[in-house]
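Please have the model open beside you as you read.

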Amino acid sequence: MAPGEAPEAERLASMLKQAGFSASLSNDMAERMLRKLLSNAVINPLTALLRVPNGALVRTPERRALMRTLFDETLSVLEAGGLPGDDRLWIDLLDLCERTAANRSSMLQDVLAGRPTEIEAINGAVARMAARLGAAAPYNESLASLVAALGGDDREG
Ligand SMILES: NC(=O)C1=CN([C@@H]2O[C@H](COP(=O)(O)OP(=O)(O)OC[C@H]3O[C@@H](n4cnc5c(N)ncnc54)[C@H](OP(=O)(O)O)[C@@H]3O)[C@@H](O)[C@H]2O)C=CC1
Ligand SMILES: CC(C)(CO)C(=O)C(=O)O
(Lines give C-alpha, C1' and ligand atoms only; values in the text may rest on other atoms or scores of the structure.)
(Ligands and ions follow the chains in the order given, each with its own letter.)
Protein backbone atom coordinates (compact mmCIF):
# COMPACT_ATOMS: atom_id res chain seq x y z
CA MET A 1 0.00 0.00 0.00
CA ALA A 2 1.53 3.36 -1.04
CA PRO A 3 1.94 6.02 1.68
CA GLY A 4 -1.04 8.40 1.75
CA GLU A 5 -3.30 5.89 -0.07
CA ALA A 6 -5.39 5.01 2.96
CA PRO A 7 -5.06 7.82 5.54
CA GLU A 8 -7.63 6.38 7.96
CA ALA A 9 -5.94 3.00 7.99
CA GLU A 10 -2.56 4.69 8.47
CA ARG A 11 -3.93 6.68 11.41
CA LEU A 12 -5.32 3.52 12.99
CA ALA A 13 -2.00 1.68 12.52
CA SER A 14 -0.13 4.57 14.07
CA MET A 15 -2.51 4.65 17.07
CA LEU A 16 -2.07 0.91 17.55
CA LYS A 17 1.72 1.27 17.41
CA GLN A 18 1.62 4.10 19.94
CA ALA A 19 -0.37 1.84 22.21
CA GLY A 20 2.38 -0.78 21.97
CA PHE A 21 0.88 -3.14 19.38
CA SER A 22 2.67 -4.31 16.27
CA ALA A 23 0.63 -3.08 13.28
CA SER A 24 1.13 -3.02 9.52
CA LEU A 25 -1.06 -2.27 6.48
CA SER A 26 -1.78 -4.70 3.67
CA ASN A 27 -3.53 -4.69 0.31
CA ASP A 28 -3.96 -8.39 0.54
CA MET A 29 -6.44 -8.92 3.33
CA ALA A 30 -8.23 -11.81 1.59
CA GLU A 31 -5.01 -13.83 1.44
CA ARG A 32 -4.03 -12.85 4.98
CA MET A 33 -7.41 -13.99 6.28
CA LEU A 34 -7.07 -17.34 4.51
CA ARG A 35 -3.58 -17.76 5.97
CA LYS A 36 -4.90 -16.98 9.44
CA LEU A 37 -7.76 -19.44 8.90
CA LEU A 38 -5.21 -22.12 7.93
CA SER A 39 -3.21 -21.56 11.14
CA ASN A 40 -6.26 -21.43 13.39
CA ALA A 41 -7.83 -24.50 11.70
CA VAL A 42 -4.78 -26.56 12.67
CA ILE A 43 -3.63 -25.14 16.01
CA ASN A 44 -6.92 -24.26 17.70
CA PRO A 45 -8.88 -27.56 17.59
CA LEU A 46 -5.82 -29.73 18.31
CA THR A 47 -4.72 -27.65 21.31
CA ALA A 48 -8.32 -27.56 22.57
CA LEU A 49 -8.77 -31.34 22.30
CA LEU A 50 -5.30 -32.30 23.55
CA ARG A 51 -5.35 -29.52 26.17
CA VAL A 52 -1.79 -28.47 25.45
CA PRO A 53 -0.13 -25.10 24.80
CA ASN A 54 0.75 -24.27 21.18
CA GLY A 55 4.41 -25.30 21.48
CA ALA A 56 3.51 -28.80 22.69
CA LEU A 57 1.89 -29.57 19.33
CA VAL A 58 5.25 -29.72 17.59
CA ARG A 59 7.05 -31.66 20.31
CA THR A 60 5.99 -35.23 19.42
CA PRO A 61 5.87 -37.05 16.07
CA GLU A 62 2.28 -38.14 16.75
CA ARG A 63 1.05 -34.57 17.23
CA ARG A 64 3.06 -33.29 14.27
CA ALA A 65 1.52 -36.02 12.12
CA LEU A 66 -1.96 -34.92 13.20
CA MET A 67 -1.05 -31.32 12.44
CA ARG A 68 0.28 -32.26 9.01
CA THR A 69 -2.82 -34.25 8.06
CA LEU A 70 -5.11 -31.43 9.09
CA PHE A 71 -2.85 -28.86 7.43
CA ASP A 72 -2.81 -30.75 4.11
CA GLU A 73 -6.58 -31.18 4.05
CA THR A 74 -7.24 -27.56 5.03
CA LEU A 75 -4.70 -26.19 2.56
CA SER A 76 -6.22 -28.13 -0.33
CA VAL A 77 -9.63 -26.59 0.48
CA LEU A 78 -8.23 -23.07 0.92
CA GLU A 79 -6.16 -23.33 -2.26
CA ALA A 80 -9.35 -24.13 -4.15
CA GLY A 81 -10.82 -21.08 -2.39
CA GLY A 82 -8.03 -18.77 -3.60
CA LEU A 83 -5.06 -19.12 -1.22
CA PRO A 84 -1.84 -19.37 -3.26
CA GLY A 85 0.00 -22.58 -2.28
CA ASP A 86 3.48 -22.05 -0.93
CA ASP A 87 6.00 -24.44 0.63
CA ARG A 88 6.62 -21.87 3.35
CA LEU A 89 3.09 -22.22 4.76
CA TRP A 90 3.98 -25.39 6.68
CA ILE A 91 7.27 -23.88 7.91
CA ASP A 92 5.42 -20.71 8.95
CA LEU A 93 2.89 -22.80 10.89
CA LEU A 94 5.63 -24.65 12.81
CA ASP A 95 7.30 -21.29 13.45
CA LEU A 96 4.02 -19.83 14.76
CA CYS A 97 3.78 -22.72 17.25
CA GLU A 98 7.33 -21.98 18.40
CA ARG A 99 6.78 -18.23 18.65
CA THR A 100 3.62 -18.75 20.71
CA ALA A 101 4.90 -21.90 22.45
CA ALA A 102 3.67 -21.03 25.94
CA ASN A 103 0.35 -19.68 24.72
CA ARG A 104 -2.96 -21.38 25.34
CA SER A 105 -4.83 -20.93 22.08
CA SER A 106 -8.04 -18.92 22.20
CA MET A 107 -10.02 -22.14 21.64
CA LEU A 108 -8.29 -23.96 24.50
CA GLN A 109 -8.98 -20.96 26.73
CA ASP A 110 -12.65 -21.03 25.73
CA VAL A 111 -12.92 -24.77 26.41
CA LEU A 112 -11.22 -24.46 29.81
CA ALA A 113 -13.52 -21.58 30.75
CA GLY A 114 -16.63 -23.45 29.57
CA ARG A 115 -17.37 -20.78 26.92
CA PRO A 116 -18.68 -21.45 23.42
CA THR A 117 -15.80 -21.88 20.95
CA GLU A 118 -15.23 -20.53 17.45
CA ILE A 119 -15.05 -24.06 16.02
CA GLU A 120 -17.97 -23.52 13.61
CA ALA A 121 -16.37 -20.33 12.27
CA ILE A 122 -13.05 -22.11 11.77
CA ASN A 123 -13.12 -25.86 11.00
CA GLY A 124 -16.87 -25.81 10.38
CA ALA A 125 -16.27 -23.07 7.80
CA VAL A 126 -13.51 -25.07 6.10
CA ALA A 127 -15.80 -28.13 5.90
CA ARG A 128 -18.62 -26.01 4.44
CA MET A 129 -16.22 -24.42 1.94
CA ALA A 130 -15.12 -27.92 0.88
CA ALA A 131 -18.74 -29.01 0.45
CA ARG A 132 -19.45 -25.96 -1.73
CA LEU A 133 -16.46 -26.92 -3.88
CA GLY A 134 -17.75 -30.49 -4.18
CA ALA A 135 -14.91 -31.85 -2.04
CA ALA A 136 -14.74 -33.58 1.34
CA ALA A 137 -12.93 -32.38 4.45
CA PRO A 138 -13.38 -35.31 6.87
CA TYR A 139 -10.74 -34.18 9.37
CA ASN A 140 -12.17 -30.68 9.63
CA GLU A 141 -15.67 -32.12 9.97
CA SER A 142 -14.64 -34.61 12.66
CA LEU A 143 -12.69 -32.05 14.65
CA ALA A 144 -15.59 -29.62 14.46
CA SER A 145 -17.89 -32.33 15.86
CA LEU A 146 -15.42 -33.34 18.59
CA VAL A 147 -14.80 -29.77 19.80
CA ALA A 148 -18.53 -29.00 19.67
CA ALA A 149 -19.13 -32.11 21.79
CA LEU A 150 -16.73 -30.89 24.48
CA GLY A 151 -19.24 -28.33 25.66
CA GLY A 152 -22.94 -27.94 26.08
CA ASP A 153 -23.39 -29.96 29.30
CA ASP A 154 -25.81 -27.31 30.52
CA ARG A 155 -28.12 -27.82 27.54
CA GLU A 156 -31.10 -30.16 27.60
CA GLY A 157 -30.24 -33.35 25.68
N1 LIG B 1 -6.38 -15.57 22.85
C2 LIG B 1 -5.19 -15.76 22.32
O3 LIG B 1 -4.29 -16.32 22.94
C4 LIG B 1 -4.86 -15.25 20.95
C5 LIG B 1 -5.87 -14.85 20.10
N6 LIG B 1 -5.57 -14.45 18.85
C7 LIG B 1 -6.61 -14.06 17.92
O8 LIG B 1 -7.27 -12.93 18.46
C9 LIG B 1 -8.63 -12.94 18.04
C10 LIG B 1 -9.53 -12.81 19.27
O11 LIG B 1 -9.56 -14.06 19.93
P12 LIG B 1 -9.98 -14.26 21.45
O13 LIG B 1 -8.75 -14.17 22.26
O14 LIG B 1 -10.74 -15.54 21.56
O15 LIG B 1 -10.97 -13.10 21.64
P16 LIG B 1 -11.91 -12.70 22.87
O17 LIG B 1 -13.26 -13.20 22.57
O18 LIG B 1 -11.27 -13.09 24.16
O19 LIG B 1 -11.85 -11.15 22.76
C20 LIG B 1 -12.37 -10.50 21.65
C21 LIG B 1 -12.38 -9.04 21.99
O22 LIG B 1 -12.87 -8.34 20.86
C23 LIG B 1 -13.94 -7.53 21.26
N24 LIG B 1 -14.89 -7.48 20.16
C25 LIG B 1 -15.51 -8.51 19.56
N26 LIG B 1 -16.31 -8.09 18.57
C27 LIG B 1 -16.15 -6.75 18.54
C28 LIG B 1 -16.70 -5.73 17.73
N29 LIG B 1 -17.57 -6.01 16.74
N30 LIG B 1 -16.34 -4.46 17.97
C31 LIG B 1 -15.48 -4.17 18.97
N32 LIG B 1 -14.92 -5.09 19.76
C33 LIG B 1 -15.25 -6.37 19.56
C34 LIG B 1 -14.54 -8.19 22.49
O35 LIG B 1 -15.21 -7.23 23.27
P36 LIG B 1 -16.22 -7.68 24.45
O37 LIG B 1 -15.41 -8.31 25.52
O38 LIG B 1 -16.81 -6.38 24.85
O39 LIG B 1 -17.20 -8.63 23.83
C40 LIG B 1 -13.29 -8.72 23.17
O41 LIG B 1 -12.66 -7.74 23.95
C42 LIG B 1 -8.86 -14.23 17.28
O43 LIG B 1 -8.74 -14.00 15.91
C44 LIG B 1 -7.70 -15.11 17.75
O45 LIG B 1 -7.38 -16.08 16.80
C46 LIG B 1 -4.28 -14.33 18.44
C47 LIG B 1 -3.25 -14.66 19.24
C48 LIG B 1 -3.46 -15.16 20.56
C1 LIG C 1 -2.13 -17.78 16.64
C2 LIG C 1 -2.99 -18.42 17.72
C3 LIG C 1 -3.08 -19.91 17.50
C4 LIG C 1 -2.23 -18.11 18.96
O5 LIG C 1 -2.63 -18.81 20.08
C6 LIG C 1 -4.36 -17.83 17.70
O7 LIG C 1 -4.66 -17.06 16.82
C8 LIG C 1 -5.40 -18.21 18.66
O9 LIG C 1 -5.09 -18.71 19.74
O10 LIG C 1 -6.58 -18.00 18.32
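1. At what angle do α2 and helix α3 (residues 61-80) pack, and how far apart are their axes? The angle is about 145 degrees, and the axes lie 10 Å apart. Axes here are lines fitted to C-alpha atoms, for helices over the stretch in contact, with angles running from 0 to 180 degrees between N-to-C directions. Helices are DSSP runs (H or I, at least four residues) and strands likewise (E, at least two), numbered from the N terminus.

2. A word on conventions before going further. This is a predicted model, in which local features need pLDDT of at least 70 and side-chain atom pairs count only at pLDDT 80 or more, while totals for chains, interfaces and linings use all residues. Residues are numbered from 1 along each chain as its sequence is written, with chains lettered from A and ligands numbered from 1 in the order in which they are written.

3. The overall picture is helical: the chain has seven helices and zero strands. Its C-alpha trace spans about 55 × 35 × 35 Å along the principal axes.

4. On the α2 side the contact includes Leu 34, Leu 38, Ala 41 and Leu 46, and among their partners in α3 are Leu 66, Met 67, Leu 70 and Phe 71. Contact means C-beta atoms, placed from the backbone, within 7 Å. By class, the α2 contact with α3 has 13 nonpolar residues, one polar and one charged. Ala, Val, Leu, Ile, Met, Phe, Trp, Tyr, Cys and Pro count as nonpolar, Asp, Glu, Lys and Arg as charged, and the others, Gly among them, as polar.

5. Do look along α2 itself. Its 22 residues reach 31 Å from first C-alpha to last, close to the 32 Å expected at 1.5 Å a residue (1.5 Å times one less than the number of residues). Arg 51 follows α2 and has a positive phi, near 55 degrees.

6. α2 has another partner in helix α5 (residues 106-113), where the axes come within 7 Å and cross at roughly 35 degrees. Asn 44, Pro 45, Thr 47 and Ala 48 of α2 meet Ser 106, Met 107, Leu 108 and Val 111 of α5. That contact of α2 with α5 holds five nonpolar, three polar and no charged residues.

7. Now the ligands. Around ligand 1 are Asn 40, Asn 103, Ser 106 and Gln 109, each with its C-beta atom, placed from the backbone, within 6 Å of the ligand. This shell has four polar residues, no nonpolar and no charged.

8. Which helix gives the most to the shell around ligand 2? Helix α2 (residues 29-50) does, with four residues. The residues surrounding ligand 2 include Ser 39, Asn 40, Ile 43, Asn 44, Leu 96 and Thr 100. Two nonpolar, eight polar and no charged residues make up this shell.

9. Finally, the axes of helix α6 (residues 123-132) and helix α7 (residues 138-150) come within 8 Å and cross at roughly 145 degrees, in a left-handed crossing.

How values were computed: Contact = placed C-beta atoms within 7 Å. Left-handed = near helix turned anticlockwise from the far one by under 90°.
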